[in-house]
Amino acid sequence: MTSSEPAPLPLPADAAGWRTFVTDRPAERRARVAAIDERLSRADDLSTSERLQLWNDADLALGEALAPSHLVSESHPDAEIRAAAEAEVRELEALQAGRLLDRALWRAFADADPAGLAADELRLLEKIRRDFRRGGVDLDDDARERVRLLTERDTELSQAFSRNIREGRREIRVPVDGLDGLPDDFRATHPADEEGMVTLTTEYTDLMPVREYARDRRTRIALVSAYNDLAWPENEAVLAELLAVREELSRLLGFTDWADYEADTRMIGSGAAIPAFLAQVDEASAAAAQDEYTRVLRRLQQDEPAASEVAIADFWYLLGTLKREEYDVDAQEVRSYFPFPRVLDGVLGVTGRLLEIDYVPVSAPSWHEDVRTYDVVRDGRRLGRIHLDLHPRDGKYNHAACFGLVPGVRGRTLPEAVLLCNFPRGLLEHDQVVTFFHEFGHLVHDILGGHQRWARFTGIETEWDFVEAPSQLLEEWVWDADVLASFAVNAAGEPIPADLVARMRTADAFGRALEVRRQLGHATTSYHLHVDRPEDIAAATERYYRGTSPVQPLPGSHSYAGFGHLTGYGACYYTYQWSLVIARDLLTAFAGDLMNAEVARRYRTEILEQGGSRDAVDLVEAFLGRPTRFEAYRDWLAGS
C-alpha cells in the first residue's frame with residue numbers, strides 16, 4: 001500500500017466503542033456541515049468553483065455520517081445501538097432535507113456564474129440547482145415548513161416499516177413428515193421436539209429450501225403464508241400514513257404524484273412513463289408465461305387433482321419438480337456443488353480475475369464476529385475495503401443488500417462498502433449463489449466507482465433505475481460452465497460437470513416468463529399503491545398480483561407489510577426490469593466469452609469506474625458503442 005493513500009475507517013472493537021461511534025461521528029460531521037453552510041450563506045466573495053468545493057465538503061461529511069448510521073441501524077447485534085443509529089439517521093436526513101429549504105444556501109448557487117467552469121463542475125452545479133428546486137426552496141414559508149415536517153415524517157415511517165420487517169421473524173410448527181422432500185442436511189438441523197413437531201422460521205435459510213423442496217403442500221403454504229404476513233399488522237397503519245405523506249409532499253413540490261417525483265431524476269424521466277414501460281414488459285412476457293403456467297398447473301394437478309390454480313406457495317416447488325423430471329436438473333444435486341466456503345472463494349476469485357483486483361483479508365474490528373473484511377487491491381494500491389456480513393441473526397437486516405460505509409472521494413477518503421446477506425453456513429441453493437453474485441456486483445461497483453472528485457457522483461450514485469444493471473449482469477457468470485468449474489466442487493472434490501450446467505441453462509429458460517410476471521406484480525404494486533392510494537391496501541394488493549400473473553397470491557395475505565422495497569424504491573420497483581433490459585444488452589458485448597479480458601477491462605473503465613460522473617445513458621453508449629435496445633431482453637425472455 002502507498003503511504004499517500006487515504007486510510008480505511010477505524011471501527012470500534014467493543015460495544016462501548018460502538019455506542020460512542022454512532023453518536024460522536026455524526027455530531028462532528030453535523031458541526032462541520034454547519035460551518036460550511038455558514039460560509040456559503042455569505043458567499044459573495046467566493047468563486048463558483050469555491051462554492052462547489054464547499055458543497056462537496058458538506059456532501060462528503062453528510063455521507064461519512066449517514067452511511068455508517070444506516071449500516072449500524074440494520075446490522076448491529078445490540079438493539080440499543082441500532083436504535084441510537086436510527087436516531088442519528090433521522091437527524092441527518094432532516095439536516096440534509098433542511099439544507100435544500102435554506103434560501104441563503106440557495107442564493108449561493110442560484111446566483112453563481114457558470115462561466116469558466118469545467119464540464120464536471122457545470123454538471124454538479126446543475127444537479128445542485130435541481131435538488132434545491134425539488135427540495136422546495138421556491139415555496140412560501142408555510143409550504144416550506146410543511147415540506148420539512150413531511151420529509152422528517154417520511155424518514156420516521158420508513159424506519160419503522162423497515163424495523164418491523166427486520167424484527168418481525170415468524171415461526172410455524174409442522175409434523176416431521178411435513179419435511180418430506182427436504183435435503184438431509186436441512187432435516188438434520190431441524191429436529192422434532194418432544195411433541196413430534198418441527199419449528200420453521202421465515203428466515204431465508206428455512207424459507208428457500210421449504211418452498212423449493214417440501215412435497216407437502218400444507219407445509220409450503222403455511223410457511224409462505226407466515227412470510228407473507230411478516231410485519232403485519234404492525235406495518236398496515238405505517239404504510240397507509242407513508243403513502244399519504246408522500247402524496248402530499250409530491251404535490252407540494254409541484255409533481256403529479258410520488259411516482260412522478262421519484263422518476264424525475266431517473267432514466268425513465270417521468271411517472272407516466274412507468275406504466276408504459278410495464279406495459280412493454282407485459283406484452284413481451286404474456287404469451288410465454290401462459291404457456292409455462294399451463295405446464296405448471298398440469299404438474300400440480302398430478303399431486304393435487306382438485307387444484308384449479310397455482311398459488312405462489314407452489315411456484316418454486318413446481319418449477320424445481322419440472323426441471324428435475326423434464327430437464328434432468330435435480331436442485332439437490334446442484335446444491336451439493338455449492339458449499340458456502342467454496343462459493344465465497346468463487347465470488348472473490350471470479351470477480352478478482354474479471355476486474356483485475358485482489359482481495360486481501362484484513363484482521364480488523366467490526367460489529368459482529370461473522371464479518372469478514374478485505375482490502376481491494378490492484379498493483380499494490382488499495383482501492384477500497386469491503387466487509388461481508390453473510391449469515392442470519394436476530395435483529396439483522398433479513399434480506400440481501402449492499403450498504404455504503406464510507407463514500408470514496410479521490411485523494412480524500414477510501415471507499416468502503418458492506419454486504420448484509422442471510423446465507424446458510426452449509427450448502428447454498430443455486431439461486432442463493434446468483435444472489436451472492438448480484439449483491440457483490442453492487443459492492444465492486446461502489447468500490448471501483450468510488451474515486452470521483454465529487455461525493456455526489458461517487459460509487460453507485462448513478463440514476464437509481466440504472467444501479468441494478470451491473471449487478472444483474474454479474475449474475476450471468478454463475479451460469480457459465482467454465483466459471484462454475486473454478487469453484488463449484490462437491491464433497492468428493494469433483495467440479496460441477498459441464499453437461500449439468502448446460503442442462504441447468506436449458507432448464508432456467510423454463511419459468512423465466514412467469515418469474516418476470518411475478519416481478520411485474522411487485523412493480524405494479526409499488527407504483528399503484530403510491531399513485532392510487534387505495535383505501536383497502538390488502539384488497540388492492542391482491543388485485544394487483546392477481547392481474548399480473550397467472551400464479552396467484554395466497555388469499556388473505558398481507559405481503560405489502562413485508563415489502564421492504566416500498567421504502568427505498570418507493571413507486572419505482574420497475575427499476576429491476578428496466579435495469580435488466582440494460583444488463584441483457586450489456587451482456588451482448590461479451591459475445592459468449594465472459595472472461596474476455598479486453599471486454600471486461602472496457603466494461604470496468606467505461607461503466608464501473610465512472611461511478612455517477614456521467615449520465616447512465618452515456619455510460620451505456622460508451623461501452624456498447626450505441627444506445628441500449630430492448631431486443632436482447634426480449635430474446636432472453638424467449639429463451640434465446
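Which hand does the crossing of H13 and H20 have? It is left-handed; a crossing counts as left-handed if the near helix is turned anticlockwise from the far one by less than a right angle, and as right-handed if clockwise.

Ground rules, quickly. This is a predicted model, where local features need pLDDT of at least 70 and side-chain atom pairs count only at pLDDT 80 or more, while totals for chains, interfaces and linings use all residues. Residues are numbered from 1 along each chain as its sequence is written, and side-chain values use heavy atoms, with hydrogens and water left out.

Overall picture. The protein has 26 helices and seven strands. Those are DSSP runs, numbered from the N terminus: helices are H or I with at least four residues, strands are E with at least two. A compact globule of 640 residues would have a radius of gyration near 26 Å, and the protein's 25 Å agrees. That radius is taken over C-alpha atoms, and the globule rule is 2.2 Å times the number of residues to the power 0.38. The C-alpha box is roughly 80 × 55 × 55 Å along the principal axes.

Back to H13, residues 312-327. H13 and H20 pack at about 155 degrees, axes 12 Å apart. Axes are lines fitted to C-alpha atoms, for helices over the stretch in contact, and angles run from 0 to 180 degrees between N-to-C directions. H13 and H20 are therefore roughly antiparallel. The cut-offs: under 35 degrees is roughly parallel, over 145 roughly antiparallel, 65 to 115 roughly perpendicular, the rest oblique. Ile312, Phe315 and Trp316 in H13 meet Leu514, Glu515 and Arg518 in H20. Contact here means heavy atoms within 4.5 Å. By class, that is four nonpolar, no polar and two charged residues. Nonpolar covers Ala, Val, Leu, Ile, Met, Phe, Trp, Tyr, Cys and Pro; charged covers Asp, Glu, Lys and Arg; the others, Gly among them, are polar.

H20, residues 512-532, also packs with H12, residues 273-303. The angle is about 140 degrees and the axes are 7 Å apart. That makes H12 oblique to H20. This crossing is left-handed too. The contact has 15 nonpolar, two polar and four charged residues. Among them are Leu278 and Tyr293 in H12, and Leu520 and Tyr527 in H20.

Next pair: H1, residues 15-40, and H2. Their axes come within 9 Å and cross at roughly 160 degrees. They are therefore roughly antiparallel. H1 passes H2 in a left-handed crossing. Trp18 and Phe21 are among the H1 residues in the contact, Leu54 and Trp55 among those of H2. The tally is 15 nonpolar, one polar and seven charged.

Now the sheet. Five strands, open, order S3-S4-S5-S7-S6, mixed pairing. The edge strands are S3 (358-362) and S6 (401-406), each pairing on one side only. Two strands pair if DSSP finds at least two bridges between them. S6 and S7 (residues 416-420) pair in the antiparallel sense over five bridges. Val406 stands opposite Glu416 in S7. H2, residues 48-75, packs on this sheet, touching S5 (381-389), S6 and S7. The direction of H2 makes about 135 degrees with that of S6.

Last stop: the loop between H9 (217-228) and H10 (234-252), where Pro233 is found. What is the peptide bond from Trp232 to Pro233, cis or trans? Cis, with omega near 10 degrees. Ala231 is found in that loop as well. Ala231 has a positive phi of about 65 degrees, although it is not a glycine. For context, most residues other than glycine have a negative phi, and most peptide bonds are trans.
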